Amino acid sequence: MGDVRVCHLDERGRLVSAPPAALVGVRVEERRPPSEPVAFHGRPGKLSDWWCATTGGHVVCGSLRRRRVALELDFDPEIAWIGGEPVELHWQGAQGRRRWRPDFVVRTVTGARQVVLVEPEKSGPQWREDLEVARHVAVAAGWQVSVRRVPEGLRLANLEWAADYRQAVPVAAAEREAVEEAFRRERPIGEGGRGPVACPTPLRLIWCTGWCGSAVWTSTGTSP
């Protein structure tokens, strides 16, 4: 492995190239990729950024596989921030000059940083070299390396279902007021939706507005 350089944007948005040790304490996870992202491994197709509840913004994802891992990271209580492809590594590899962007850099609630790599569908010499370089950079920068499998099956379905309710959805002031008025006293959700104050789709509105203030609502009429 030749000399490894790490390209990233500084706090002013300028592109810099530095040795891995210079990244100690640098909040690269909060920065955009060093250049406009492209589809995974150069394949045609649109990017699949993920709206992240952890950060309140979009995480860059170059493929649906990355997007699914970002979705899982978004539900991890140990992660405080998620950055998509914020660094690009350059080095002299076994087959010549190489450059590669690790999938994510995250910051945990303890302040530690992790390079999160999406496990490929098929491993090979290139993946092993990428992993070796990522570990080399992580040691010098004081980071950790985490390899994640893409969630699938029932786990993926449950994550996607739950994530739908975390997306930011604009709610008109009149609809918010209808929810508050309908549930100023404890009552079943269905009753509140049929009450004197029209409250369309109360379940959706209650979830979207995040309302749980002046009244207690339940589906059974009893306190939760």
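Analyst: Arg-107 is buried, with a relative accessibility of 12%; buried means under 20% relative accessible area, exposed over 50% and partly exposed in between, using a 1.4 Å probe and protein chains only. This is a predicted model, in which local features need pLDDT of at least 70 and side-chain atom pairs count only at pLDDT 80 or more, while totals for chains, interfaces and linings use all residues. Residues are numbered from 1 along each chain as its sequence is written, and side-chain values use heavy atoms, with hydrogens and water left out.

The partner of Arg-107 is Glu-30: the two form a salt bridge with their closest N and O atoms 2.9 Å apart. A salt bridge here is a side-chain nitrogen of Lys or Arg within 4 Å of a carboxyl oxygen of Asp or Glu. Arg-107 belongs to strand β8 (residues 104–108) and Glu-30 to the loop between β2 (15–18) and β3 (50–52), so their pairing ties together parts 77 residues apart in sequence. Helices (H or I, at least four residues) and strands (E, at least two) are DSSP runs, numbered from the N terminus.

Glu-30 also forms a salt bridge with Arg-27, where the closest N and O atoms are 2.7 Å apart. Glu-30 is partly exposed at 37% relative accessibility, and Arg-27 is partly exposed as well, at 41%.

A further pair joins Glu-72 and Arg-148, whose side chains meet in a salt bridge at 3.7 Å, N to O. Glu-72 sits in helix α1 (residues 64–74) and Arg-148 in strand β10 (residues 144–148), so this bridge links parts that are 76 residues apart in sequence. Both Glu-72 and Arg-148 are buried. Elsewhere, a network of salt bridges links Arg-66, Glu-85, Glu-88, Arg-99, Arg-101 and Asp-103. The structure holds 17 salt bridges.

Asp-10 lies in the loop between β1 (5–9) and β2. Asp-10 is buried at 9% relative accessibility, and its side chain reaches the backbone nitrogen of Arg-12 at 2.9 Å. Leaving aside neighbours within four places in sequence, Asp-10 is in contact (heavy atoms within 4.5 Å) with Val-16 and Arg-31.

Beyond four places in sequence, Val-109 is in contact with Pro-77, Glu-78, Ile-79 and Ala-80. The C-alpha atoms of Val-109 and Glu-78 are 5.6 Å apart, although the two residues are 31 apart in sequence.

For helix α3 (residues 153–164), the buried residues are Leu-156, Leu-159 and Ala-163. Viewed down the axis of α3, these buried residues fall within an arc of 65°, so they line one face of the helix; the arc is that of the directions from the helix axis to the C-beta atoms. The cover over these buried residues includes β3 and α1. The face turned away from the buried side carries the exposed residues Gly-153, Leu-154, Trp-161 and Asp-164.

As for confidence, the mean pLDDT of the protein is 82, and 77% of its residues reach 70 or more; pLDDT is the predictor's confidence in each residue, from 0 to 100. Over residues 208–224 pLDDT stays under 50. Where pLDDT is low, the predicted coordinates should not be read in detail.

Definitions and conventions
Polar contact = N/O pair within 3.5 Å; in protein donor to acceptor, adjacent residues only side chain to side chain.
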